[in-house]
Every structure is written in structure tokens, then in C-alpha cells.
Amino acid sequence: GVETGNHLRIPKQGHDQRGKRGDVYIVLHVQSSPIFKRDGSDVYVEQPISFADAALGGEVDVPILGGKTASLKIPPGTKPGTVFRMKDRGIKFLNETAFGDEFIRVEISVPEKLSSEEKALLEEYRNVHSAKPSPKKSKKKGFFGI
């Protein structure tokens, strides 16, 4: 639970001055993570998921502190940018027993290359999807209701 700028004091381990040892003070600098972003005791991570998992639902493994993973249930119809919370998966509060939370923001992973079978399935999806009636239109005019 320590943060950059916290101090540690080690008593009587410093220089000897007039027969009395002084204290040592250590200033901590917490290294940033390439995976997690930190806000106090909470941690944030971005997790790519497939279009199929977003549309149909499923489970994905997400990184958690300690180099491990945990299973996150993705409900059907999950939108890009949805944020999920894993309670008590963050950093332990300094001098307490409670933990912060982990927040996972999901993004839809779009493959750069598709096999011919994947292309055919997506074309079939597009044909079925475009045949459905469009959702009710807003009474607002133009982009952003302008």
C-alpha cells in the first residue's frame, strides 16, 4: 500500500554522532506497471475481448496483481468501453486489512487478418444483420441532435 514519496524510518542505523546513532530515512519510489494503472489503492487495466465474447457473453482471464489471472464473466451484449469491478483485487490500504478494487475496461479486439472461413462467417453475419429493420430513430435531427 505504499506510494511514491512515503518515508521509512530505520531507528539507530544512521551515523554515529557523539556516541549516539542517528536514524536512517528511506524515501520510496514506486515503479509504474506496463499493465496496471494505479489510483490510490485501486488498480485499472484494459482488457481486449473478441466480438463474439462481447456479443454472446463468455469468460476471459484478466491480469490481477501478483502476476496471476482471474476469470471475468462477460455478459451478452457488452459494449466497448464497459468497465467491470473486481472487489478487493486492488492494493492493500497502508496499515489496514482492506484492499482496493480492480477495474477492468474492455475493448473489442479486431483481428487484422482473417481466414477465408472467418470472412465468410462475417459476411453471413453482415447479410443477416442488414436484413433486420433498423432500430427506432431518435426524434432529434442530425449528429448529436443538432
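## Pockets in the model

On a 1 Å grid over the protein atoms alone, a pocket is an open set of points where a 1.4 Å probe fits, with protein on both sides within 12 Å along at least five of seven lines, and its lining residues have an atom within 4 Å of a point. Rolling a probe the size of a water molecule over the atoms shows where empty space is left. Please keep in mind that this is a predicted model: local features need pLDDT of at least 70, side-chain atom pairs count only at pLDDT 80 or more, and totals for chains, interfaces and linings use all residues. Residues are numbered from 1 along each chain as its sequence is written, and side-chain values use heavy atoms, with hydrogens and water left out.

Let us begin with the second largest pocket. Its lining is made up of V30, Q31, S32, S33, F36, K37, R38, V43, L65 and I91. The volume of this second largest pocket is about 210 Å³, where a volume is the space filled by probe spheres set on the grid points, which are joined across faces, edges and corners. Sorted by class, its lining has five nonpolar, three polar and two charged residues. Here Ala, Val, Leu, Ile, Met, Phe, Trp, Tyr, Cys and Pro count as nonpolar, Asp, Glu, Lys and Arg as charged, and the others, Gly among them, as polar.

The largest pocket has a volume of about 350 Å³. Around it you will find S50, F51, A52, I108, S109, V110, P111, L114, E118, L121, L122 and Y125. Two elements give two or more residues to this lining, helix 1 (51–56) and helix 2. Helix 2 supplies the largest share, four residues. By class, the lining of the largest pocket has nine nonpolar, two polar and one charged residues.

## The overall fold

Two helices and ten strands make up the secondary structure of the protein. Helices (H or I, at least four residues) and strands (E, at least two) are DSSP runs, numbered from the N terminus. Read from that end, the order is β-β-β-β-β-β-α-β-β-β-β-α.

Of the 146 residues in the protein, 18% are buried; buried means under 20% relative accessible area, exposed over 50%, and partly exposed in between (1.4 Å probe, protein chains only). Among contacts (heavy atoms within 4.5 Å) with a separation of 6 or more, 41% are between residues 24 or more positions apart.

## Salt bridges

How many salt bridges does the structure hold? There are five, each being a side-chain nitrogen of Lys or Arg within 4 Å of a carboxyl oxygen of Asp or Glu. One of them pairs the side chains of E46 and R105 at 3.6 Å, N to O. E46 lies in strand 6 (residues 42–49) and R105 in strand 10 (residues 102–108), so this pair ties together parts that are 59 residues apart in sequence. E46 is exposed, with a relative accessible area of 53%, while R105 is partly exposed at 35%.

Within helix 2 (residues 116–131), the side chains of E123 and R126 form a salt bridge at 2.5 Å, N to O. These two residues are three apart, which means that about one helical turn separates E123 from R126. E123 is partly exposed, with 37% relative accessibility. Elsewhere, salt bridges that share partners join E46, R105 and E107 into one network.

## A closer look at D101

Another salt bridge brings together the side chains of R85 and D101 at 2.9 Å, N to O. R85 sits in strand 9 (residues 83–86) and D101 in the loop between strand 9 and strand 10, so the pair, 16 residues apart, links distant parts of the chain. Is D101 buried or exposed? D101 is buried, with a relative accessible area of 11%, whereas R85 is partly exposed at 48%.

The side chain of D101 also reaches the backbone nitrogen of D88 at 2.8 Å. Leaving aside neighbours within four places in sequence, D101 is in contact with S41, D42, V43, R85, M86, K87, D88, R89 and G90.

## V30, a pocket-lining residue

V30, one of the residues lining the second largest pocket, is found in the loop between strand 4 (24–27) and strand 5 (37–39). V30 is partly exposed, at 39% relative accessibility. V30 and T4 are 26 residues apart in sequence, and their C-alpha atoms are 5.1 Å apart in space.

Conventions
Polar contact = N/O pair within 3.5 Å; in protein donor to acceptor, adjacent residues only side chain to side chain.
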